[in-house]
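Thank you all for coming. I would like to walk through one model this morning, beginning with the fold of a single chain and ending with the packing inside.

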Amino acid sequence: MNYNWNWGIFREPNPEGSGTYLDLLLMGLNWTLATAALAAVIALVFGATIGVIRTLPSRGLVLAGDAWVEFFRNIPLLVQLFLWYFVLPELLPKAAGMWLKTLPNASFWTGAIGVGLFMSSRVAEQVKAGIRSLPRGQAMAGTALGLTTAQTYRYVLLPMAFRIILPPLTSELLNTVKNTSVALTIGLMELTARTRAMQEYSFQVFEAFTAATLIYLVLNASLTFLMRRLERAVAVPGYVTGK
Amino acid sequence: MSNAAGPMIEMAAVSKWYSPQFQVLKDCTTSVAKGEVVVVCGPSGSGKSTLIKCVNALEPFQAGTIRVDGINLSDPGTDLPKLRARIGMVFQHFELFPHLRITENLCLAQEKVLGRSRDEAMAKGKALLDRVGLSEHAGKFPGQLSGGQQQRVAIARALAMDPIAMLFDEPTSALDPEMITEVLDVMVELAREGMTMMVVTHEMGFARKVAHRVIFMDRGEIIEDRNKEEFFGSPRSDRAQLFLSKILAH
């Protein structure tokens, strides 16, 4: 293979006039972080809500929650992003569709919301499993003390359910970060998109993707480390699971 | 609308079905007077736990009526959370909230349901903890206590709500033998103070000591409902006699 290695490429100016190639990648990282952060918040808020709804005694609410989960987890993320980005504006009334199409940073909003909703179905599944894993008597004890259903969830069930599902939630957080790369298909210039741009400008494909690989690795390893610390910080003394 | 002379808990023809084919409670009628201690016993699967859970509407039932302190549970206007807050309940598996310290377990419902201040709730909780002999464990988490200690905390948690009656659902069944006494001692003391109690238990020693009446259930039906002396003296039904001979054999 005749390849011209050049690790100094990162300090060379990029043809976009926005600094060095390293700056180009870091700009991409910023969009990745922003998209992942918003997507994670959306996934957590909607996932927790839908997860709770699916454990309530109302048949209608449970069905609605199930429908949400099945919709968002059974369609590939790529197809979902295309739906929100290309199809939705055409289905809306003309003015609303126009507003969507001309929205500044449309690919960022669509990417973050799209990835967030996709991930919410997975979080919902775990929140439901977490609540279900608690002994039935816990909810009964809360109810018997006079707590309302909302209070029982807030003070009794959710604090334990979230502790139990923290390890799988960590995986979902990492998936959220990684899935933001799919948003390059709707034009979001996040890390992977910037890496491809660097490769096209400079032909240093190995350097570019080595850098992207390391950045993703360090980012997700740091998140894993932080989540482990969180797990330890909220661990309940003397609590043994599996009752 | 509390009625000084009337019964605290009244059940009339209570029936419950899990499915059209499976009836768990059949026409259960009984009552518990103020200050009375009633023990409910019977073989497993006889519906005694279900019956006691109907009293504070933890389990729904399809037919019959239950009144607690004159309030009809099935009345759409009944504020169930408010009524439940006035009925203490103790579970077989304690059901303390594992993520909360003992003091927080005692304060939670006092603050969120009764609207007491933290200081007020804490004072009440500490006094009750002292009463069940666990003051030195106030700052611990439930998982750091033994089963017997957890159950005593659970009783204190129920008492902190100043209940008008206490329901016990097999409170000693999940305990090691050497811990049963410490829990029963607390319950005996409560009974002697005049607390209205409905207790599902197989502890016939407890029944003999403090119960006024004993209810015997089998297959969802109340077979016997008699004074303690009569029940232990000469239970009328064969089923109750067989049951007693089995659990009193050793």
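From the N terminus on, the elements of chain A run α-α-α-α-α-α-α-α-α, that is, nine helices and zero strands, where helices (H or I, at least four residues) and strands (E, at least two) are DSSP runs numbered from the N terminus. Please keep in mind that this is a predicted model, in which local features need pLDDT of at least 70 and side-chain atom pairs count only at pLDDT 80 or more, while totals for chains, interfaces and linings use all residues. Residues are numbered from 1 along each chain as its sequence is written, chains are lettered from A and ligands numbered from 1 in the order in which they are written, and side-chain values use heavy atoms, with hydrogens and water left out.

The C-alpha trace of chain A spans about 70 × 50 × 30 Å along its principal axes. Of the 243 residues of chain A, 42% count as buried, meaning under 20% relative accessible area, with exposed being over 50% and partly exposed in between (1.4 Å probe, protein chains only). If we take the contacts in chain A with a separation of 6 or more, residues 24 or more positions apart account for 74% of them, contact being heavy atoms within 4.5 Å.

How much area do chain A and chain B bury between them? The value is about 2100 Å², with 69% of it on carbon and sulfur atoms; this is the accessible area (1.4 Å probe) that two parts lose on being put together, summed over both. Chain A gives 23 residues to the contact and chain B gives 25 residues. The count between the two chains is one salt bridge, in which the side chains of Glu59(B) and Arg136(A) meet at 3.6 Å, N to O (a side-chain nitrogen of Lys or Arg within 4 Å of a carboxyl oxygen of Asp or Glu).

Leaving aside residues up to four places away in sequence, Ile131(A) touches Val52(A), Thr55(A), Tyr153(A), Leu157(A), Leu158(A) and Ala161(A).
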